[in-house]
Every structure is written in C-alpha cells, then in structure tokens.
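Subject: Structure handover and findings

Dear colleague,

Please find below the structure I said I would pass on to you. My notes on it follow.

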Amino acid sequence: METELNVIDARDMLKTENIQLIDVRSEEQFQKKSLPSSINIPLSRVSQEIPNLDAKKTPLLICNDGSLSIQASKLLEACKFRVYTIRGGIIDWEQIIGM
C-alpha cells in the first residue's frame, strides 16, 4: 500500500479515517501557517513524543515539502506505527487545495 499520499488523497483520508495529522515543521513555521486539526511535533522532538501519540489513530505527517515527513515516518515505522506522509507538504496543499 502506498504510504506517500498526494494532497487530494490526504484531504479525503482526513474526512473518512481515524487519522492524527502531525506537522513536523518547526514551531515557528507551524505558527505562521498550518492546517486545521493538525498538531505540531517538530522533527527534532518526534522520538520523544512517540509515547504520547494516540496508538488508535494513524499518523499522517506533513511538513513544508514532504522531505521532513519522510524522515519522521522512518522513526515512527521503526516503532511499528503505520504512517502516511503528504507528498509536497504545505506547499502543494496551499497551491492545490488552499489554506
């Protein structure tokens, strides 16, 4: 199954699935622009926050362009989470869907 989703598929998944949208950008970037219902866990803190994640929800990761999300997904997958990332991140989301 594909774990990297385009923004359209990610938006649809958020409407129908039990998903936890996690923004892995810095707190400063998150404060400037973020998606509703997303929580901010910067990449540098992902490892420390793993015990606090809701194990009943599937993590859906977003960053600026998708690169940080892929790094964070590897950490979560190593802890047995089924993880999805949003290809193109906030940049694609804003261009294709809007904020």
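Is cysteine 79 buried, exposed or partly exposed? Cysteine 79 is partly exposed, its relative accessible area being 40%. Please keep in mind throughout that this is a predicted model, and that the values below are computed from it.

On the cysteines, the count of disulfides comes to 0. The reason is distance: the cysteine sulfur closest to that of cysteine 79 belongs to cysteine 63 and lies 19 Å away, which is too far for a bond, given that a disulfide needs the two sulfur atoms within 2.5 Å. Cysteine 63 itself is buried, with a relative accessible area of 0%.

Turning to charged pairs, the count of salt bridges comes to 6, and I describe some of them here. Glutamate 4 pairs with arginine 87, with 3.4 Å between the closest N and O atoms. Because glutamate 4 lies in strand E1 (residues 4-5) and arginine 87 in the loop between strand E5 (84-86) and helix H5 (89-96), this pair ties together parts that are 83 residues apart in sequence. Both ends count as partly exposed, glutamate 4 at 25% relative accessibility and arginine 87 at 36%.

Another salt bridge joins lysine 33 and glutamate 94, whose closest N and O atoms are 2.9 Å apart. Here lysine 33 sits in the loop between helix H2 (27-32) and strand E3 (39-40), while glutamate 94 belongs to helix H5, so the two link parts separated by 61 residues in sequence. Lysine 33 is partly exposed, with a relative accessible area of 32%, and glutamate 94 is also partly exposed, at 35%. A further salt bridge is formed by the side chains of aspartate 23 and arginine 25, at 2.7 Å from N to O, and in this case both residues are buried.

Finally, valine 7 is placed in helix H1 (residues 7-16) and is buried, with a relative accessible area of 2%. If its neighbours within four places in sequence are left aside, valine 7 is in contact with Ile86, Arg87, Gly89, Asp92, Trp93, Ile96 and Ile97; one of these, Arg87, is the residue that forms the salt bridge with glutamate 4. Computed along the sequence, valine 7 and isoleucine 62 are 55 residues apart, whereas their C-alpha atoms are 9.8 Å apart in space.

Technical notes
Residues are numbered from 1 along each chain as its sequence is written. This is a predicted model: local features need pLDDT of at least 70, side-chain atom pairs count only at pLDDT 80 or more; totals for chains, interfaces and linings use all residues. Side-chain values use heavy atoms; hydrogens and water are left out. Buried means under 20% relative accessible area, exposed over 50%, partly exposed in between (1.4 Å probe, protein chains only). Helices (H or I, at least four residues) and strands (E, at least two) are DSSP runs, numbered from the N terminus. Contact means heavy atoms within 4.5 Å. A salt bridge is a side-chain nitrogen of Lys or Arg within 4 Å of a carboxyl oxygen of Asp or Glu.
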